[in-house]
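Please look over the structure below before reading the notes. The briefing starts with one residue and its partner and then turns to other topics.

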Amino acid sequence: MGVLSTLMRGLVRGADRMSEFTSKRGSRTHNKGRGSRPTGLKLSSNKFISIRGMIPQFVVPNLDGFKLKPYVSYRAPRGIEPPLTAQSVFAEVVAPQIKKDFEEGTFSKENLEKYGFDPTQKGKLFKLYPKNFVR
C-alpha cells in the first residue's frame, strides 16, 4: 500500500513536490553542497570561527618532470599479480634470509630482530616492517 499512497500523494499535492530537492530548485543564494565537512564552528551569535585543525591539508608530491599522467582509464587491463599479503612478503623477503643463515649455521632464535621480529609482540604473529622490505 506504500507505493499507491505515495503516488496518490504526488498526484494530489503536485508532482513537483515529490521530485528531489537540488540546488537548481532553490533560490540564487541556496547552495546544497556535496556533503563537505565544516572547517569550524558556528556560534549562537551567528559568527563562524575557523579552526585550523579542521581544515583539510592535501599532501601532493612534486611531479615536475614526471612523464605519467594522473588518470588511469577504466579500460586498462587488470593487474596480473596477486594482492600482496603478509605471507607472500614473508615468503619473498624473510624466508630466504632465514634459510641462508640456517644453511650457513649463523641462525639464532635469540636474534630474530634481524629479520623484523619485534620482541614486544609476545605470542603474536611475526610482523614485517617497511624497513625490512628489500626494494
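In this predicted model, aspartate 101 has a relative accessibility of 5% and therefore counts as buried, the cut-off being under 20%. Its salt-bridge partner is lysine 114. Lysine 114 is partly exposed, at a relative accessible area of 47%.

**The salt bridge**

- How many salt bridges does a search of the whole structure find? The search gives 1.
- In the bridge between lysine 114 and aspartate 101, the closest N and O atoms are 2.7 Å apart.
- Aspartate 101 belongs to helix α3 (86-104), while lysine 114 lies in the segment after that helix, so the bridge ties together parts 13 residues apart in sequence.

**The aromatic pair**

- The whole structure holds 1 aromatic pair, according to the search.
- The partners are phenylalanine 102 and phenylalanine 107, with ring centres 6.4 Å apart.
- Their ring planes stand at 70 degrees, so the pair is edge-to-face; the cut-off for that label is over 60 degrees.
- In general, the distance of the centres and the angle of the planes are what describe a pair of aromatic rings.
- Are the two residues buried or exposed? Phenylalanine 102 counts as exposed, with 61% relative accessibility, and phenylalanine 107 is partly exposed, with a relative accessible area of 30%.

**The nonpolar surface patch**

- Five residues, Leu41, Leu43, Ile49, Ile51 and Met54, make up a nonpolar patch on the surface.
- Together, these residues have about 390 Å² of accessible area.
- One of them, isoleucine 51, sits in the loop between β2 (48-50) and α3.
- Isoleucine 51 has a relative accessibility of 31% and counts as partly exposed. Patch members need over 30% relative accessible area, so isoleucine 51 passes that cut-off.

**The chain as a whole**

- What secondary structure does the chain have? The chain has 3 helices and 2 strands.
- Read from the N terminus, the order of these elements is α-α-β-β-α.
- The chain has 135 residues, and 7% of them count as buried.
- Taking contacts between residues at least 6 apart in sequence, 16% join residues at least 24 apart.

Conventions:
Residues numbered from 1 in each chain as written. Predicted model: local features only at pLDDT ≥ 70, side-chain atom pairs only at ≥ 80, totals over all residues. Heavy atoms only, no water. Helix = DSSP H or I, 4+ residues; strand = E, 2+ residues; numbered from the N terminus. Buried < 20%, exposed > 50% of the residue type's maximum accessible area, 1.4 Å probe, protein only. Contact = heavy atoms within 4.5 Å. Salt bridge = Lys/Arg side-chain N within 4 Å of Asp/Glu carboxyl O. Patch = residues over 30% accessible without salt bridge, like charges linked within 9 Å, V, L, I, M, F, W, Y side chains within 5 Å. Areas by Shrake-Rupley, 256 points an atom, 1.4 Å probe, with all protein chains shown as cover. Phe/Tyr/Trp six-rings, centres within 6.5 Å; stacked < 30°, edge-to-face > 60°.
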